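Trainee: Can you walk me through this one? I'd like to start with the strands and then look at the rings.

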Amino acid sequence: MKAVIMAGGFGTRLHPLSINTPKPMVPLCNQPIMLHTVDLLKKHGITELVMLLYFQPETIKKFFGDGSEYGIDITYVTPLEDLGTAGAVKAAARHLDQRFMIISGDLLTDFDLSSAIKFHDENQAQATLTLTPVADPLQFGVVITNRAGQITKFLEKPDWGEVFSDTINTGIYILEPEVLDLIPAGENRDWSKDVFPLMLKRKDRLFGCTLKGYWQDIGNSDAYLETSKDILAKKVTVNLKEKPAYTCKGLYLGAEAMVNPDNLANIGGMVVLGDNTRLVGLPKLKNCIIGRNCVVEDGAELEDTVLWDNVYIKANARINGAVLGQNVRVGVGARILPGVVIGDNSKIGTDAKINADVKIWPNKIIENNSIVNSNLIWGETWRKSLFEGALVRGLTNIELTPEFAAKLGAAYGSTLPKESYVLTGRDAVRSSRMLKRAFVGGLLSAGVNVRDVKRLPLPVLRYKLTTFGEVGGVHFRQSPRDSAATEIVFFNEQGMELSSAAAKAIERIYYKENFRRVHFNEPGIITELPHINNYYREGFLRALDRDIIRKAKPKVVIDLNHSPAAALLPDLLNELGCEMIELNAHVDENRLPSQVENQAETLARIGTIVTALDATAGFWLGPSGERAIYLDSTGQSISEVETLALMTALISKTRKEGAIAVPISAPHTLEEITREQRIQILRGKGDGRSLGVAATDKGVQLVGDMEGRIAFTNFQPHFDALFAIAKSLELLIRSEKTLAELRRSLPRRPYRKIQLPCSWECKGGVMRLMNEATIDLQTTFIDGVKVHFGDDWVLVVPDPYRPLVHILTEAGTAEQADALLEEYREKVQHWLALLNNPA
């Protein structure tokens with residue numbers, strides 16, 4: 001029997017412990033969490049393992065190798081994208097031709113897995129979920145079974161009124177291989193949300209086996225510390241590399257660990273000392289796990305504490321109930337209270353005090369005699385900059401707190417002239433309002449005035465900035481990447497994304513806290529612009545041929561996504577004579593915009609309405625109003641790449657000359673589309689600011705990126721999905737074609753893209769090796785390295801803000817595109833291996 005270990009999670013909730021270390025590799029009693037899982041599987045005779053990786057896969061592969069050192073045989077599978085818990089297993093289907101078990105790499109349990117396998121066999125089950133009772137089932141999926149053990153109901157994170165059992169799903173499953181047939185290849189699927197409910201609906205043989213014993217999901221730092229305490233309290237037994245010290249009960253020593261014999265009386269409870277760790281003098285330790293190569297000096301007192309490797313604790317420091325990551329230094333007399341978590345490479349100064357439950361991210365320096373009351377997350381050595389281009393992104397109320405926003409507002413205001421004006425706006429999410437208000441307070445403290453346009457589509461704010469009156473603008477929105485994160489986007493006086501030089505100026509003031517604090521009677525003032533929508537409306541309608549649209553009376557279906565655009569776009573389209581079918585048109589701050597995970601369902605619903613009503617087109621509007629997804633008259637949604645091609649085709653059919661600005665990564669089919677006209681395709685860098693600058697060039701009529709954002713420059717040079725929808729309808733009417741017809745007429749060339757994990761340290765090396773490998777080939781160096789093979793090409797470009805490298809290809813046939821993609825994927829992975837293992 002094989003086992004699949006799920007080891008691909010980012011471990012965000014375990015930060016700061018999992019920032020530099022994948023969650024399954026976080027040390028638990030001086031060994032990776034996942035190694036305890038491997039030990040359990042071996043105990044029950046399971047030695048053929050498939051490890052599903054995603055985040056920092058090299059770290060896991062480097063530790064386990066082929067598994068022979070640990071008496072196991074390992075097959076590694078790394079999906080190219082996040083496919084969900086079930087979709088990831090489907091990606092490993094070719095290795096799972098027999099019954100297999102699924103278990104998480106970030107939990108600790110001593111369950112009798114053999115009894116679960118026996119239960120599965122006796123019931124001839126297709127799938128068996130291991131269950132266990134817990135005191136508080138609210139945070140887990142509750143499972144209801146009948147007397148025979150067959151599952152009858154699932155409850156995902158119920159409230160107390162729905163709790164009919166305390167038996168929860170532990171995430172350990174035993175499956176027959178045919179279950180994988182229920183999962184579409186390459187699609188995101190979850191076991192608990194998708195596959196098991198489907199099996200229940202199909203009346204498949206789906207059973208739950210209740211097991212007694214220890215089980216802990218190590219999902220956050222509190223659970224990590226609790227699990228460590230449970231080990232020390234011997235509530236669960238794990239394999240230790242350290243050996244019992246015969247001279248002191250409860251003391252376990254690694255190789256060459258040193259303890260002064262006179263200090264044994266100061267050892268209480270269970271204490272584990274890793275290899276080469278030294279207790280100098282007479283420190284006191286009770287219920288502690290100490291990693292390798294650590295030093296604890298005389299007079300220090302540690303209780304219920306976990307130290308990772310290479311930690312140095314100076315004399316008379318006191319630590320209680322805390323976790324310290326690798327290479328942490330704690331100064332003389334420092335005090336660290338319960339619940340504190342300190343990230344790798346941090347230094348705690350002499351007599352500093354870290355109050356309870358504070359989390360300190362890696363590479364921080366706490367000065368002598370400091371008192372730390374709140375989490376320390378941002379820092380120049382951990383994040384090289386606050387900004388990602390023109391925006392600041394972070395987890396809402398964790399990284400981006402009101403305190404942080406106020407400080408950032410003060411830093412921004414300090415770079416602007418006193419008594420100048422700034423526009424501030426936001427989306428419909430309440431957390432955006434919370435952070436914007438704090439940010440505005442910081443601006444006012446620097447003597448900067450604020451024109452608060454409140455809840456407003458981003459294109460309207462940027463359109464106002466193209467006029468006179470303000471020196472900049474700031475927009476707060478929920479991140480489209482992560483609903484738990486907020487983005488703060490900065491613009492200059494022309495509505496362009498803020499330059500890197502301006503961003504660095506803000507950062508310098510932020511880090512040095514060199515804020516301009518005005519006199520008590522000089523703070524800025526807050527005013528409003530109640531007619532800003534009317535100003536936008538006038539320009540919007542003036543830039544369109546209203547008569548041709550009114551005459552055609554197009555029927556459109558539009559999902560407004562509960563966004564601020566719902567208060568503006570329907571009236572504009574009605575003014576143009578469009579017949580509107582509006583979805584989600586109520587702006588409700590209690591309703592979050594639809595996210596990526598349910599977008600397919602949303603688009604399918606729009607498509608059904610489009611076909612049922614014989615509509616001209618359908619649209620899904622992004623929450624900020626910069627991006628839209630188009631659907632043709634057959635109800636088919638149009639991808640971002642096709643959107644750019646369609647807009648290019650519309651320009652080409654209605655204009656004889658001009659230019660279209662696109663990223664270097666855009667498909668070369670655009671040149672085919674414009675070949676018969678005197679329309680030039682201008683290729684450049686793909687970031688928003690570079691494209692915005694290109695939009696101001698004379699003759700440029702259209703700007704588009706690879707995320708579905710479009711700007712028609714006859715109205716404004718900034719991405720504007722509201723205007724793009726109306727302008728595309730006008731051009732479609734002029735072309736005398738439907739979107740479906742136009743789509744079918746587009747030239748087709750297979751376009752592929754993938755992203756690979758790549759640490760910050762390796763990015764430069766990868767690009768150097770890419771350059772060396774292609775030195776004799778035709779290359780372009782606008783953004784990354786683009787290699788041309790006649791009409792085919794491959795582009796390798798590092799992600800500027802994430803530890804990733806992107807590979808994109810386009811070729812004449814699917815086989816050629818796939819082969820080119822695979823060739824350079826192997827090259828990049830080979831280069832990464834060389835850079836990670838230089839010997």
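Mentor: First, a term: two strands pair if DSSP finds at least two bridges between them. Helices (H or I, at least four residues) and strands (E, at least two) are DSSP runs, numbered from the N terminus. This is a predicted model, where local features need pLDDT of at least 70, side-chain atom pairs count only at pLDDT 80 or more, and totals for chains, interfaces and linings use all residues. Residues are numbered from 1 along each chain as its sequence is written, and side-chain values use heavy atoms, leaving out hydrogens and water.

Trainee: OK. How many bridges join strand 50 and strand 51?

Mentor: Five. Strand 50 covers residues 785–789, strand 51 covers residues 792–798, and they pair in the antiparallel sense.

Trainee: Which residue is the bridge partner of Lys786?

Mentor: Leu795, in strand 51. Lys786 also lies over the face of Trp793, 4.2 Å from the ring centre. A charge counts as over a ring if NZ of Lys or CZ of Arg is within 6 Å of the ring centre and within 35 degrees of the ring normal.

Trainee: What sheet do these strands belong to?

Mentor: An open sheet of five strands, in the order 48-52-51-50-49, with antiparallel pairing. Strand 48 (751–757) and strand 49 (778–780) are at the edges with a single partner strand each, so one side of each has no neighbour in the sheet.

Trainee: Which helix lies across it?

Mentor: Helix 20, residues 760–773, lies across strand 50, strand 51 and strand 52 (804–810). Contact here means heavy atoms within 4.5 Å. The helix runs at about 155 degrees to strand 51. Axes are lines fitted to C-alpha atoms, for helices over the stretch in contact, and angles run from 0 to 180 degrees between N-to-C directions.

Trainee: Switching to rings. How many aromatic pairs are there?

Mentor: The structure holds 26. Rings of Phe, Tyr and Trp (its six-membered ring) pair if their centres lie within 6.5 Å; planes under 30 degrees apart are stacked, over 60 edge-to-face, the rest tilted.

Trainee: Why is the pair of Phe404 and Tyr510 edge-to-face?

Mentor: Their planes are at 65 degrees, so the pair is edge-to-face, with centres 5.4 Å apart. Phe404 is in helix 7 (residues 402–414) and Tyr510 in helix 10 (residues 500–512), 106 residues apart.

Trainee: Buried or exposed?

Mentor: Both Phe404 and Tyr510 are buried. Buried means under 20% relative accessible area, exposed over 50%, partly exposed in between (1.4 Å probe, protein chains only).
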